[in-house]
Amino acid sequence: MNDTGIDQGETRLLIGGALRAAADGGSFENIDPSTGAVLGVCADATAADMDAAIAAARSAFDHTEWGTDAALRKRCLYQLQAAITGEVEELRSELVAEVGCPILATWGPQLDTPLRDALSWPAEQIDEFAWVRSLGAKDAFGGDNPSMREVWKEPVGVVGAITPWNFPVEIILNKLGPLLAMGNTCVIKAAPDTPWNATRIGRLIAEATDIPPGVVNVVVGTDHGLGAQLVADPRVDMITFTGSTATGRTIMRSAADTLKRVFLELGGKSVNLFLDDADLATQMGSVVGICFHAGQGCAISSRLLIPESRRAEGIEIALEALRNVTYGDPTDPSNLMGPVISAKQQQRILALIDTARDEGANIVLGGGIPEHLPSGGFWVEPTVITDVARDSAVVRQEIFGPVLVVQTFADDDDAVAIANDSIYGLSGMITSGDLERAKAVTSRIRTGTMGINGGIWYGADVPFGGYKQSGIGRQCGVEGLEIYTETKSVAWPAATS
Ligand code: NAD
């Protein structure tokens, strides 16, 4: 343990079943965003490491029984869940330290929630999944020589999994569970900002499961070109990516050269919409969601939509809720938010707030760096911005910080138009005194998930993903299993069956 109070994390990559240093022996520093202190180091993978990882995943897919041995896959998924659970407290401390997420988030979506079902639900589904679908007998040309037809589902092959830093374990587990259950092999290219959770999972795979060598490879490095290499390599059949829309576009362009399947989970600019019959006084607590993990969640609602007729009341209630948010040291269970991930991200958020100020918007709460927190950390105050133009950058762009933008609407049609006036369509929340009215408005909003009157849609069995430029495809649920399969249609003379 060093003076940050955190043990040195796993430094090694997992390639072909072996825990290894980088090919050139290089390493990089893992930074605590709360203090700016160095937590320790991690192997800094090179292009040669990525090449070896892809080769190992290809070989494991082509030359082992992984894709066909469902019982092995099921056993391994449960083993991995048990192994991670066995080190859950170490992983929790490490996540809080390297991600800067509040510890309370680890009791939910950062760790405990996905650990409960992200691996085990896909494992259970292996026996339930429609691997074979019979279409019955038919003569395709209208004659009397029918064929028996079936549709078979098979693994896609080698999957490149590229992950971000904001909910790193959640995202890795929600990729690993479905893709392994469906029989694929993979290379995980984890975000360099938060390396140790990924390398820990790599070590546990190697040491505590029967997952054959090469089925899962874990590569971390500071060079974003490692991800680009994975996308370009012809030995990789599919990319599953979670990250920014900008990187998603680059990946899609590059994947075109080898016509790879791409599954993209990208950014969002979701609304928290209160219809005019909502009880703002009792139902507006959800606005504090913007501070959950300092707003660094793709599905967090960052646009507050309130009726113009109730503007003053709505803003006052929102401000009151956000003034009461406690934040700071992420190890303190009473804090809803810690720092943002990096100095770069902090500067980007503050610059966007400044742009809004310059455009004439009102920063009615926060807007700067809090004075009461240690100077080395990457803090941003909970911030509320009103009087914004619809084409303002803070309305258009994903800020990925604790910044709530308030917009008002005239009626339900106007609310729908404003909600849909975005390149994104990932998530959202709606509140109304009338459930049926809320559902009717929800059906008109172009978004992949929506919580109605406080409803929570999250879980391994629930498809999650975006409309429009928030992504392509769905993670989790049956849709999230199917995406990791290929489809083969076969037929034989019915007379011979
Ligand atoms: P990012 O796009 O910068 O990086 C994500 C990953 O992509 C990292 O591992 C990075 O190394 C890699 N990468 C960077 N350039 C690449 C390239 N050219 N080719 C291949 N890989 C490349 O995103 P981030 O800053 O790490 O994460 C924050 C973003 O992720 C936000 O926009 C957020 O909304 C989004 N996100 C989306 C979801 C979702 O499910 N929709 C979930 C979490 C985060």
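**Around the ligand**

β8 (185-190), α9 (225-232), β10 (238-242) and α10 (245-255) each put at least two residues into the shell around the ligand (helices, H or I with at least four residues, and strands, E with at least two, are DSSP runs numbered from the N terminus). The biggest share, three residues, comes from α10. This is a predicted model, with local features needing pLDDT of at least 70 and side-chain atom pairs counting only at pLDDT 80 or more, while totals for chains, interfaces and linings use all residues. Residues are numbered from 1 along each chain as its sequence is written, and side-chain values use heavy atoms, leaving out hydrogens and water.

Who's in the shell? There are 28 residues around the ligand, and Lys-189, His-224, Ser-244, Leu-266 and Glu-398 come nearest (a residue is near if one of its heavy atoms lies within 4 Å). By class, the shell has 15 nonpolar, ten polar and three charged residues (Ala, Val, Leu, Ile, Met, Phe, Trp, Tyr, Cys and Pro count as nonpolar, Asp, Glu, Lys and Arg as charged, and the others, Gly among them, as polar).

Now for the polar contacts, meaning pairs of N or O atoms within 3.5 Å. An N or O atom in the side chain of His-224 is 2.6 Å from an oxygen atom of the ligand. Glu-398 has a polar side-chain atom 2.6 Å from a ligand oxygen, and for Glu-265 that distance is 3.4 Å.

Methods:
Polar contact = N/O pair within 3.5 Å; in protein donor to acceptor, adjacent residues only side chain to side chain.
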